Amino acid sequence: MKIVVSGGGTGGHIYPALALVREIKSKDKDSSFLYIGTEKGLEKEIVTREKIPFKSIHITGFKRKLSFDNVRTVARFLKGVRESKKMLKEFQADAVIGTGGYVCGPVVYAAAKLGIPCIVHEQNSVPGLTNKFLSRYVDKVAICFEEAKQFFPENKTVLTGNPRASEVLNYKGKEGLRKLGLKQGVATVLVFGGSRGARPINEAVLKVMSELREKPYQVLYVTGEVHFEQVAREIEMIGNPENVVIKPYVNNMPEILSGVDLAVTRAGATTLAELTVLGIPSILIPSPYVTNNHQEKNARSLSDHGAAELVLEKELTGSKLIATIDSVITDGKKLDAMKTAARAIGMPDAADRVYQVIKDLSKKN
Ligand SMILES: CC(=O)N[C@H]1[C@@H](OP(=O)(O)OP(=O)(O)OC[C@H]2O[C@@H](n3ccc(=O)[nH]c3=O)[C@H](O)[C@@H]2O)O[C@H](CO)[C@@H](O)[C@@H]1O
């Protein structure tokens, strides 16, 4: 099968696409791939590192308010559709998969217009504009939360889960943590603000950095690439506690997650798929700056079942953060109950489920 994958902007749309590529490769040795993204998103670097052929189009998102920029965006969309059609024809794509972000708009739309079987994968409980628009044209919509069903045509929607969940299950043990300089046999808290980092989380962590020194656990603190320099400057003044390892970004997150006891993070849907399938308890601080506040809805689907503690950004302070971490990590019973609750939500066979949807579609054509 010749498959075109498109999705981008942030890690939450890219990693599910890559996990799916790996799943298809493992089941269909003759499969080949083309990834269509943008030059600006995180996808160019991440996808090229994986040695998957990458081509780009230029596209921006629609503004929700009336704006002249939207006229430009329509023009870019139409140009993107023309470019995508050319790429899809040249590559002779058998199927096209969009995993979210502006870029998959023109690519998946072009596929539908050319009559190439196509699907979109929606990671969130509340979909973004692009996937809602595309759902009218695609053959199938793969979703990860039951709650997302109501936003899409009923006859096209299939609950599959997030392929990245299946992928992280391939990793075991604490070797990833050891490679980053963390100790064996000590409880580990991973703190990160999604794929791009989050300033409010960084500010809260910096406020309690000195207090962390006294704690019986160690912390892997991932700042986000763009925030790293600023954090490093502040750490120079505060001092870096021995039990805190600070990194701008980690490229081997699955290897890291397998050794983590508690995660403190935003509530991006791909992160949540990883945490639940691995049974990792979490403290979730949803980003309030996303479409329809979807991260809070994502987060509540875990906290309502006892798999996570929810801290709203407006309530976030250094002392609230450290008190919440302590209340979970030092209470073995609570930790175990959260693990079990998280695992019950996880969808380990998601990658295979999405693969089956694609296979069935390409058989019909
Ligand atoms: C601001 C914004 O619009 N965020 C959206 C974006 O978030 P974002 O890109 O942050 O998405 P997620 O939190 O869902 O996923 C982040 C991914 O990056 C990985 N990772 C993260 C940090 C790191 O150092 N290394 C690393 O590999 C994580 O393991 C995970 O696989 O896409 C998600 C999935 O559609 C949405 O739910 C989020 O609302």
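Strand β2, residues 32-37, is largely enclosed by the rest of the structure, because five of its six residues are buried. Buried means 20 or more other C-beta atoms within 10 Å of the residue's own, with C-beta atoms placed from the backbone. Helices (H or I, at least four residues) and strands (E, at least two) are DSSP runs, numbered from the N terminus.

This is a predicted model: local features need pLDDT of at least 70, side-chain atom pairs count only at pLDDT 80 or more, and totals for chains, interfaces and linings use all residues. Residues are numbered from 1 along each chain as its sequence is written.

Now the neighbours of β2. Strand β1, residues 2-6, runs parallel to β2 and is joined to it by five bridges; pairing requires at least two DSSP bridges between the strands. V5 has Y35 in β2 as its bridge partner. With helix α1, residues 11-27, β1 and β2 form a right-handed β-α-β unit. Right-handed means that, with the strands pointing away from the viewer, the path from the first strand over the helix to the second runs clockwise.

Strand β3, residues 54-56, also pairs with β2 in the parallel sense, over three bridges, and G37 stands opposite S56. The chain gets from β2 to β3 through helix α2, residues 43-49, in a right-handed crossover.

How values were computed:
Buried ≥ 20, exposed ≤ 12 C-beta atoms within 10 Å, placed from the backbone.
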